Every structure is written in C-alpha cells, then in structure tokens.
Amino acid sequence: MNRRVVVTGVGVTAPGGVGAKSFWGLIADGRTATRSLSFFDASSFRSQVAAEVDFDGDLLGLTPQEIRRMDRAAQFAVVTARESVTDSGLEFDAVDPNRIGVTIGSAVGATMGLDQEYRTVSDGGRLELVDHTYAVPHLYNYLTPGAFATEVAWATGAEGPSTVVSTGCTSGLDAIGYAAEIIREGSAEVMIAGATDAPISPITVACFDAIKATTPRNEDPEHASRPFDASRNGFVLGEGAAVFVLEELENARRRGAKIYAEVSGYATRSNAYHMTGLKSDGKEMAEAIRNALDEARLDPADIDYINAHGSGTRQNDRHETAAFKRSLGEHAYRAPVSSIKSMVGHSLGAIGSIEIAASVLAMANDVVPPTANLHTPDPECDLDYVPLTARDWKTDAVLSVGSGFGGFQSAVVLAEPHGRQR
Amino acid sequence: MSKTVVTGLGVAAPTGLGLSEYWDTTLAGRSGIDRISRFDASSYPARLAGEITDFTAEEYLPNRLLPQTDRMTRLALVCADWAFEDSGIVPAEMPDYEAGVITASHAGGFEFGQNELRALWSKGGQYVSAYQSFAWFYAVNSGQISIRNGLRGPSSVVVSDQAGGVDAIAQARRQIRNGTRVVISGAVDASICPWGWVAQMAGGRLSTSEKPSRAYLPFDDDACGHIVGEGGALIVLEDAEHARERGTEVYGEIAGHASTMDPRPGSGREPTLQKAIERALVDAAATPDEIGVVFADAAAVPTLDQIEAEAITKVFGPRGVPVTAPKTMTGRLYSGAGPLDLTAAFLTMRDGVIPPTIGSSRSDRYDIDLVAGEPRTAAPGAALVLSRGQGGFNSAMVVRSGY
C-alpha cells in the first residue's frame with residue numbers, strides 16, 4: 001500500500017460564501033456568517049440563530065429538474081463537486097469512468113425535504129395515515145441519502161465505488177478517510193469526496209433545543225458562536241458543503257496538477273460511552289489523533305496548525321482541549337488551534353469537510369484562520385486558540401479533528417507531500 | 001495481507017428470529033410475506049410486507065433503552081448480541097480499540113422520526129423528544145452497538161441504498177486489513193410505518209399485488225415489483241490469525257468485493273453490474289468456475305432482472321451457475337438484504353444445500369439456472385452475493401467456505 005493520496009481540487013459552499021475563494025475570504029478576515037434564522041418563523045424555538053447559505057441553484061448552474069428532484073443538501077453537493085472538478089483541472093473524459101468514485105458525507109441527509117414533505121402528506125400533522133397522493137415523486141430520494149452520492153456521480157460521470165458515509169458530525173472527516181482508502185487499495189484512481197448537510201429545518205432546531213445543544217444567544221446572532229470562550233453556551237446550527245478531488249500522488253504529479261495537500265493520516269475511534277455525552281478526558285479522540293499521526297509518519301511537533309472541532313459547547317471544548325494535550329504533549333501549547341465554527345456555524349456532517357477545506361487553504365496561504373468571538377477564554381481551555389484575527393503562519397501540516405453524536409472521534413492529518421520520506 | 005473471516009452471525013428476519021429459526025424456515029421455503037399488520041394499509045396501493053411479528057424488545061433489552069430507540073435499532077442491538085454470542089467473543093474482554101462496528105443504513109430510524117415529525121407539526125417544537133437528536137439518524141445503530149458492547153475501535157456507517165449492507169462489510173474488511181482484530185458489521189433496516197410506506201411507494205418499484213404468493217416474483221414473466229421487508233443481519237468479522245489463536249469455528253472468508261455506480265439514465269452508457277462481478281472475482285483471486293451459487297439482487301422489475309441475468313450469464317455462461325433469491329420469502333430488506341444473503345451463503349456452504357427462490361417460475365427470458373421452488377443439494381466452496389440499490393449502486397461480494 002504505497003499509494004499516496006493528494007487533494008487536487010477544492011469546492012466550498014458555506015455560509016457567507018459560495019465558492020472556495022469567498023469562503024476563504026470570510027474566514028481569513030475573521031468575519032462571522034451567523035445571523036437570525038430566516039428560513040422559517042423560529043420565534044417559538046429556544047435557539048433562533050443559524051449560519052445560512054445564500055444559495056441560488058439557478059445562478060449556480062443547476063437545471064430546473066435538478067432543483068426539483070434534489071433536496072437542498074444534494075444541490076449543495078452537486079454545485080460544490082462541480083467547483084472542485086473544475087478547480088482540479090483534471091480532464092475527466094480522459095479517465096476511465098470506472099476508476100472514478102464518489103464518497104459524500106452527511107449526518108442528516110435530506111432532513112429539510114423530509115420535514116417539508118411530512119408536513120404536507122400529514123396535512124400539518126393531522127393525519128396519522130399520511131396521504132400518499134400528496135407525495136412528490138422524488139420523495140424516495142429524500143428517504144435515503146444515498147441519493148447524494150448518486151447525484152454527484154451522475155453530475156461528474158463517475159462510475160466507480162460510490163457511497164455516502166453517515167457518521168453524524170464526523171461524517172465530513174470520515175468521508176475523506178474512506179475515499180483515501182479506496183484510492184490506496186487501488187479500487188479507484190480519482191475520488192470525488194466531501195460532505196454536505198442542510199439541516200436548518202424545524203425538526204432539527206426542535207431536537208437540539210430539547211437537549212440545549214444550540215445557543216440561545218438570539219439577541220446577538222453575529223457573535224453567537226463562541227468556541228473556547230467562557231461565555232459560550234452552545235453551537236450555532238449551520239449548513240453547507242465542501243467537496244474535493246482526491247488523486248493518487250504520482251498521477252497528480254504526472255499531469256502537473258496543483259497539489260493542495262496530501263491526505264497523509266486518518267483514524268477514527270469511538271468512545272462507547274454515550275450517544276451525546278463526552279467524558280472530559282478526551283481519551284478516544286487522543287487515540288484517533290495518535291493513530292492518524294502514526295499513519296502520516298509525523299511527530300506531534302510536525303503539526304503546524306490544529307483545526308479544532310470547537311463547537312462551542314462546554315463539554316466539547318474541554319474534551320478536545322484534553323485530547324490535544326493527551327496526544328500532542330507540550331506541543332499542544334505551541335501549535336495554534338482555531339475553530340472556524342465561530343464564523344460558519346456547525347453544519348453537522350458537512351463541517352468536517354468544510355474544515356478540511358479551511359485547513360488546505362491555510363496551507364496554501366500560510367495563514368491560520370482565527371477563532372472569532374473569543375474574548376475571555378474558559379480557564380480550562382488554555383491553548384493558543386488564535387483569537388479574533390488570522391495569523392500569518394508557515395503551515396505545512398495540519399491536524400483536523402471532529403467529534404460527534406454516537407461517540408465517533410476522528411482525526412485527519414494533511415501535509416505538504418514534498419520531500420517527505422516514507 | 002491478513003484474511004478476514006466470519007465467526008458469528010446474528011439474524012432478525014420475517015422468516016425467523018435467530019439463525020436456526022431463519023435457516024429452517026428458509027430451507028422449508030416458508031414465506032414471511034403477508035398483509036401489513038402494523039398499520040391500516042387498506043388506503044395504499046401496496047399492502048403486503050415482510051414483517052417481523054414475534055419480536056418483543058423488552059425480552060432482550062433494558063427498559064432504559066426503549067424510549068430512545070427506533071425498532072430497527074432494537075433489532076440491530078439484539079442481532080449484535082446474537083452474533084457475538086455465536087462467535088464466542090465477549091467484546092468487553094477485548095483490549096481497547098481492537099474491536100469496532102460498521103453498519104449500513106437505508107432510512108435510519110424512520111418510524112421514530114415519523115412520530116417526532118407528527119409531534120412537531122401537530123403540537124409544536126417543544127413536544128419533540130430529546131432523543132430525536134440521535135434516535136433517527138443513520139449513525140445510530142453503530143453508536144448504540146458500540147456503547148452496548150464497549151467497542152472503541154474504528155467504526156463507521158455507510159449509506160448506498162440496498163447495496164449498503166455489502167459495502168459496510170467491505171469497509172469492515174478494510175479495517176481488519178489495517179489491523180483491527182474484530183469488527184461487527186452488517187445492517188438492519190425497518191421502516192414499515194405510514195410515513196416510510198409513502199416514501200417507499202414514491203420509489204415506484206413496489207408490488208401492488210394482493211396475493212402474498214404472487215407478489216414478489218423476480219426473474220418471472222409476471223414480475224411486478226418488490227415487497228418491502230424488515231430486518232437484516234449482523235456479522236462478526238475477524239482477522240484470520242485472531243480466530244485461529246482463539247481456536248474458534250469459522251464460517252468462511254470474505255474473499256472479494258467490488259462496487260460500481262451505474263451511469264445516469266439516458267446517458268447511453270452500459271450498466272456496470274457485470275464490472276462489479278468481474279472485479280469482485282479478481283479481488284478474490286477466484287475464477288467463475290469456483291463460484292457454486294449466486295445470491296441475486298432480484299429486483300423483480302423486468303428491466304432490472306434483465307440487466308442482472310445478463311451480467312450473470314456473461315460472466316458464468318448460460319445457466320452456468322445456480323442462482324437463488326431467498327429474499328422472495330422476506331421481501332427486500334434494503335441495507336439488511338446483503339448481510340442476510342451473506343448469512344444464507346455461509347449456511348449454504350456449511351450445509352451443502354441452496355435455499356430456494358419461492359413463487360417465481362423459470363422464464364425463457366432469462367438464461368439463468370434459477371433454484372426455484374425447492375432447495376437444491378450442492379457443495380459450493382464459494383458464493384457470490386449481489387446487491388443493488390436504487391440510484392445506480394451495485395455491490396458484489398465473493399465468500400469462501402474455507403480460508
């Protein structure tokens with residue numbers, strides 16, 4: 001297994017910026033895209049803040065039929081995949097379609113479509129025996145999110161191994177790990193891999209209200225996502241997608257591709273503890289980090305930047321701070337750590353891939369994006385979280401981590417492929 | 001590269017709870033398909049299903065788990081218990097991080113979601129259960145199985161419609177090759193509730209027949225769509241060395257896998273199932289001659305049956321290998337289907353008898369050797385399991401009896 005996997009194309013659809021360029025502009029400026037929830041009347045909900053994407057499928061090249069049959073999350077995935085394919089410069093027609101696969105991460109699938117359709121077929125919840133004559137013909141595409149992989153494959157002509165990875169809030173990291181493995185084992189040469197979610201819907205807002213996971217800071221929506229700050233009180237629900245073109249390193253070099261980074265290490269572990277709770281010791285996340293570093297053949301000191309999960313819940317911020325110390329030792333205090341969720345919110349399964357996009361763009365620009373809204377650090381969170389403003393910083397290797405419901409703890413290591421000995 | 005062997009099987013199907021009941025019923029050719037009993041389906045065009053009618057979660061699971069679990073999660077937890085018991089592995093005694101869980105899902109805990117959507121729209125957001133934050137989502141079975149059994153190793157969840165169950169097992173094999181000793185894998189799906197029913201009907205492939213014995217007839221001239229079932233299987237996969245060290249009995253080996261995506265309809269390109277079969281054989285270093293039985297996907301939609309029969313015929317020759325679809329007794333279990341067929345494949349190799357396809361009569365349209373009506377004595381040393389999902393997913397897996 002000597003094949004090495006690199007990122008050669010990047011596409012991003014995020015709150016505050018459709019397209020990788022405007023996304024990077026937002027986070028490098030430390031601007032926030034969180035705002036009062038506008039998709040529906042949220043006045044009866046506890047949390048009324050969201051990080052919404054201003055998305056116009058028509059303008060972004062989707063056909064009317066694509067728009068009709070796809071849930072918003074699938075639309076994000078297709079538009080974003082096309083951006084990454086264009087960015088890669090890869091002549092897809094020159095590659096055997098059987099050697100191109102798709103892996104799309106998503107935590108909650110077509111939640112928005114399901115929520116709206118249920119409302120209709122149940123006539124506002126009145127009918128227990130929902131009325132099938134009111135169902136839209138493409139309701140099956142909402143039933144199971146495999147449709148996301150299908151749509152991306154059909155949009156790009158991929159006929160190789162294609163699937164959705166759905167591991168809750170680590171989906172966006174796990175999809176990249178999964179796709180990289182498909183290339184390493186030789187089942188595909190090119191993978192279009194990333195993640196999408198569009199969960200800003202009454203049912204999602206209601207269920208996070210019920211467990212008080214989202215912030216009630218409704219009066220100050222632009223400053224509502226406050227990871228690592230003593231005043232943080234929950235995450236801001238977001239949406240979006242990031243999709244990459246992954247290729248085998250030698251192929252990418254041969255065609256003179258722009259190489260953003262190597263996917264040099266990945267690991268996932270489970271805490272086997274609680275569906276939503278975390279122990280404060282960060283043990284399993286630390287184990288995932290150690291294994292990802294091992295696979296990348298890097299030492300903790302090689303990590304220039306840590307892209308944190310940083311959701312802005314007390315239990316998360318303490319859990320991962322402990323995990324960094326446990327896995328990286330003293331280096332945890334030296335490496336800059338930041339959470340872009342402070343700016344683009346928490347888009348559940350999508351955010352892991354959006355954070356990988358932030359990581360590879362940090363490498364490309366040698367700039368570490370900041371943690372916005374961090375004025376008074378929680379005393380138990382005592383690392384360098386790059387408060388408020390971005391930092392010029394030589395960034396050749398990045399650790400990006402995620403933690404999610406179901407107990408999944410994942411870590412991806414991205415590094416410059418040049419000159420490293422294996 | 002280390003080999004991946006199967007040492008434990010846990011089954012919940014409309015034809016039986018537990019391995020021996022499932023297998024006895026399957027060999028006897030007794031169907032689990034009947035009129036839907038779970039809700040009043042008389043107003044819907046499709047009214048038959050393969051339901052599990054004798055499952056009482058309280059018998060197997062602690063009360064505290066019941067309010068936070070959908071039916072498919074309860075079934076999956078029990079299947080996982082049975083699979084570990086069958087393997088002789090006590091997960092709690094495994095070293096940390098050496099055992100993981102990788103499941104597939106089709107629609108998540110759809111019935112749980114239905115009930116919470118109803119609460120939301122009929123009463124208001126404050127009536128939505130706190131458990132909705134995880135009980136319906138696609139990752140829930142992996143999470144709950146991990147917690148119940150203390151599995152801290154690499155875990156994951158894949159979704160690729162009906163192909164997902166096989167894809168999950170392929171991903172589990174990757175983790176074993178990477179050094180994880182034990183992975184429990186497979187899938188259980190259950191979404192026979194009004195909301196799930198309406199969404200499934202929208203897929204356009206359900207049989208509207210009223211007669212259980214004539215409703216799901218793959219490869220038959222009267223094929224008219226499929227019947228939805230519930231259930232599936234969880235399978236304990238183990239590094240062959242680890243199994244040998246334990247001195248445990250082994251059902252066989254996961255020898256090869258490949259998956260493909262069909263091109264967009266209207267693109268003029270060929271379907272890709274045949275490529276999946278060929279690549280799975282290459283991955284297993286198997287010749288077509290070595291395969292003694294094919295467990296078909298069996299869509300029971302004429303165009304799809306045609307594609308599958310042609311793919312089989314091109315690889316194995318006309319009537320070159322026995323083909324069967326015991327899922328004619330259970331209905332299609334979505335991501336549970338592949339793991340249940342794999343289970344049947346291992347039992348076929350163990351007992352030297354191929355379970356039958358019931359209902360279907362041989363048709364001149366398809367040049368395949370369908371094992372129709374009665375089980376057939378045979379001694380296959382290797383089997384091929386095919387699983388296709390709506391949306392173009394194809395997955396093929398080769399298994400062997402020895403290793």
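**Notebook: helix α8 of chain A and what surrounds it**

I began with the buried residues of α8(A): they pack against α4 (111-121) and β8 (237-238) of chain A, together with α3 (110-122) and α4 (132-135) of chain B. This is a predicted model: local features need pLDDT of at least 70, side-chain atom pairs count only at pLDDT 80 or more, and totals for chains, interfaces and linings use all residues. Residues are numbered from 1 along each chain as its sequence is written, while chains are lettered from A and ligands numbered from 1 in the order in which they are written.

**Entry 1: the helix itself**

I looked up α8 of chain A, which covers residues 202-210. Helices (H or I, at least four residues) and strands (E, at least two) are DSSP runs, numbered from the N terminus. How many of the helix's 9 residues are buried? I found 8 of the 9, so to speak a mostly covered helix. Buried means 20 or more other C-beta atoms, placed from the backbone, within 10 Å of a residue's own; exposed means 12 or fewer, and partly exposed is in between.

I listed the buried ones: P202(A), I203(A), T204(A), V205(A), A206(A), C207(A), F208(A) and D209(A). Then I checked what follows the helix.

**Entry 2: where the chains touch**

Next I looked up the interface. I found 70 residues of chain A in contact with 64 residues of chain B. Contact means C-beta atoms, placed from the backbone, within 7 Å. Which elements of chain A each supply at least two residues to that side? They are α4, α5 (139-143), α6 (146-156), β6 (162-165), α7 (171-184), α8, β10 (261-270) and α10 (283-296).

β6(A) and β6 (156-159) of chain B run antiparallel, joined by 2 bridges. Two strands pair if DSSP finds at least two bridges between them. I noted one position: V165(A) stands opposite V158(B).

**Entry 3: chain B as a whole**

I turned to chain B. Its secondary structure comes to 11 helices and 17 strands. I read off the box that its C-alpha atoms fill, taken along the principal axes: roughly 60 × 55 × 45 Å. Of its 403 residues, 67% are buried. I then looked at contacts in chain B with a separation of 6 or more: 79% of them join residues 24 or more positions apart.

**Entry 4: two domains in chain B**

I looked up the domain assignment of chain B. It gives domain 1 (4-246) and domain 2 (256-400); such bounds come from an automatic or database assignment. Their C-alpha centres lie 21 Å apart. I found 56 residues of domain 1 in contact with 53 residues of domain 2. On the domain 1 side, the elements giving two or more residues are β1 (4-13), α1 (19-28), β4 (48-50), α6 (164-177), β7 (182-189), β8 (228-229) and β9 (231-239) of chain B. α6(B) gives the most to this side, with 7 residues.

**Entry 5: a sheet in chain B**

Last, I followed β4(B) and β8(B). I found them in an open sheet of 3 strands, in the order β3-β4-β8, with mixed pairing. Which are the edge strands? They are β3 (33-35) and β8 of chain B, each pairing on one side only. β4(B) and β8(B) run parallel, joined by 2 bridges. I picked out A49(B), and its bridge partner in β8(B) is V228(B).

Methods:
Two residues are in contact if their C-beta atoms, placed from the backbone, lie within 7 Å.
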